[in-house]
Amino acid sequence: PATLLSYDLFNEAEVAIWSGARPSAILDLEAQTARLLARLHPGAPLVAGCATLDGALENFDLLRARHGIRLSAITFHAYAAPPYFEAAVEKARREAARRGVPAAATEFHMPAAQGGLDVLLLFLRRSGIGGQMWGYLEDRLIQAFSPIPQPGWVANSGVLRLPAPRTYEVKNPAYARAV
């Protein structure tokens with residue numbers, strides 16, 4: 001019941017902007033995609049995952065002001081070390097409450113930079129913010145296989161067509177400990 005299933009209109013728009021894309025072009029693309037999804041799946045939750053909380057808040061407000069698109073949640077990525085991670089999560093909680101939507105850290109946990117998963121999960125639980133560990137998914141599904149089984153891997157999709165072998169090596173031991 002607490003799972004937020006949604007369409008992500010554009011992942012990490014700020015990264016595209018930092019790479020030279022025009023912010024207005026991304027907003028227009030997000031709005032066009034939202035209108036198409038409204039026709040195909042009326043009432044479906046829409047989000048726009050951002051590389052930072054500040055980008056998520058700005059995008060949330062700009063899409064609504066410029067195109068009348070209301071996002072269903074504030075979704076952001078949080079790879080900061082624990083004190084800064086906790087501050088971002090708390091800020092997300094406050095801003096989501098102010099806007100009347102949930103918030104989720106749709107990417108978090110990089111063991112080398114953030115340390116133990118237990119601390120991050122404590123911050124998320126205390127704040128009531130959801131989280132999705134991209135690093136775990138990436139390590140287990142994208143980098144875990146040596147060699148990558150063919151034709152099971154669908155390039156750039158995060159999807160395996162065939163079931164994974166029963167045993168395989170997890171290359172990053174921190175993820176194995178986290179799980």
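1. Helix H3 (residues 53-67) packs against helix H4 (residues 82-99) at an angle of about 15°, and their axes lie 10 Å apart. Axes are lines fitted to C-alpha atoms, for helices over the stretch in contact, and angles run from 0 to 180 degrees between N-to-C directions. H3 is therefore roughly parallel to H4 (angles under 35 degrees count as such).

2. The model is predicted: local features need pLDDT of at least 70, side-chain atom pairs count only at pLDDT 80 or more, and totals for chains, interfaces and linings use all residues. Residues are numbered from 1 along each chain as its sequence is written, and side-chain values use heavy atoms, with hydrogens and water left out.

3. H3 and H4 cross in a right-handed sense (the near helix is turned clockwise from the far one by less than a right angle). On the H3 side the contact (heavy atoms within 4.5 Å) involves Leu53, Asp54, Leu57, Phe60 and Asp61; H4 supplies Ala88, Lys91, Ala92, Glu95 and Arg99. By class, this contact has five nonpolar, no polar and five charged residues (Ala, Leu and Phe are among those counted as nonpolar; Asp, Glu, Lys and Arg count as charged).

4. Three strands form an open sheet in the order E3-E4-E5, with parallel pairing (helices are DSSP runs of H or I with at least four residues, strands runs of E with at least two; strands pair if DSSP finds at least two bridges between them). Strand E3 (74-78) and strand E5 (130-131) are the edges, each pairing on one side only.

5. Strand E4 (residues 103-108) and E5 run parallel and are joined by two bridges. Alanine 105 has glycine 131 of E5 as its bridge partner. Helix H6 (residues 117-127) packs on the sheet and touches E4 and E5; the direction of H6 makes about 165° with that of E4.

How values were computed
Angles under 35 degrees count as roughly parallel, over 145 as roughly antiparallel, 65 to 115 as roughly perpendicular and the rest as oblique.
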